[in-house]
Amino acid sequence: NRFPPGELEGLGAEAPIYALRRVTCGLGVKLDKLGVSSVRDLLLMFPRRHVDYGEPVPIADLEPGREQTVRAHVWSARERQIGFRMKAAEAQIGDTSGMMLCLWFNQPWVAKQLPVNAEIVVAGKVSERQGRLQFDNPEWEMYSEDLMHTGRLVPIYPLTAGLPNRTVRRIMREALDRFVTLLPDPLPQEMRERLGLAPV
């Protein structure tokens with residue numbers, strides 16, 4: 001822990017952003033470019049929009065042009081050269097209803113994160129190439145009961161260079177879990193009682 005015991009409790013949401021375990025010095029510099037230097041700043045950095053990927057559907061039920069989610073197993077994953085300058089990760093995934101291709105352009109490292117037979121959840125806009133369904137640069141994560149990037153309403157935050165939405169979602173979850181109850185309620189108690197609002 002980078003802070004003495006008890007110090008964070010005293011600072012509350014005004015604690016520096018480095019109070020979050022996932023925030024390194026490099027990440028802190030990028031957040032600072034967005035005006036985020038404290039946990040409070042992060043909690044008040046609201047999404048620009050949300051994408052509704054919805055519940056996973058069988059691959060055979062995917063519809064080109066829609067934002068959708070599938071839960072499938074990795075059949076193969078490899079790095080692929082596209083043209084002279086671009087590398088990509090390519091994965092063949094499948095469920096009991098069919099197979100499809102996933103491509104991550106300029107992200108060849110993704111292939112090494114997808115072991116064969118791993119159960120993953122993939123979400124994005126469905127496309128169709130040469131009669132075959134495909135995801136281009138989809139969101140993905142290993143399957144669990146607590147999905148963060150797929151299979152739900154996913155927040156899209158304002159970003160800066162080198163700061164992906166996946167990273168912001170992870171640190172935002174930690175901030176919410178640890179600090180959101182320490183934010184002062186902006187509504188007067190009298191108003192809360194009069195409107196019958198639930199306690200914070």
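Author: What follows sets values against definitions. This is a predicted model, where local features need pLDDT of at least 70, side-chain atom pairs count only at pLDDT 80 or more, and totals for chains, interfaces and linings use all residues. Residues are numbered from 1 along each chain as its sequence is written, and side-chain values use heavy atoms, with hydrogens and water left out.

Reader: Why is C25 called exposed?

Author: Exposed means over 50% relative accessible area, buried under 20%, partly exposed in between (1.4 Å probe, protein chains only). C25 has 60% relative accessibility, so C25 counts as exposed.

Reader: What makes C102 buried?

Author: Its relative accessibility is 0%, so C102 counts as buried.

Reader: How many disulfides are there?

Author: A disulfide is a pair of cysteine sulfur atoms within 2.5 Å. By this rule the count is zero.

Reader: Why is H149 called buried?

Author: H149 has 3% relative accessibility, so H149 counts as buried.

Reader: What joins the side chains of H149 and R169?

Author: A polar contact of 2.9 Å. The term asks for a pair of N or O atoms within 3.5 Å; within protein, one must be able to donate a hydrogen and the other to accept it, and residues adjacent in sequence count only if both atoms are side-chain atoms.

Reader: Why is strand 4 called largely enclosed?

Author: Strands (E, at least two residues) are DSSP runs, numbered from the N terminus. Six of the eight residues of strand 4 (residues 98-105) are buried, so the rest of the structure largely encloses this strand.

How values were computed
Helix = DSSP H or I, 4+ residues; strand = E, 2+ residues; numbered from the N terminus.
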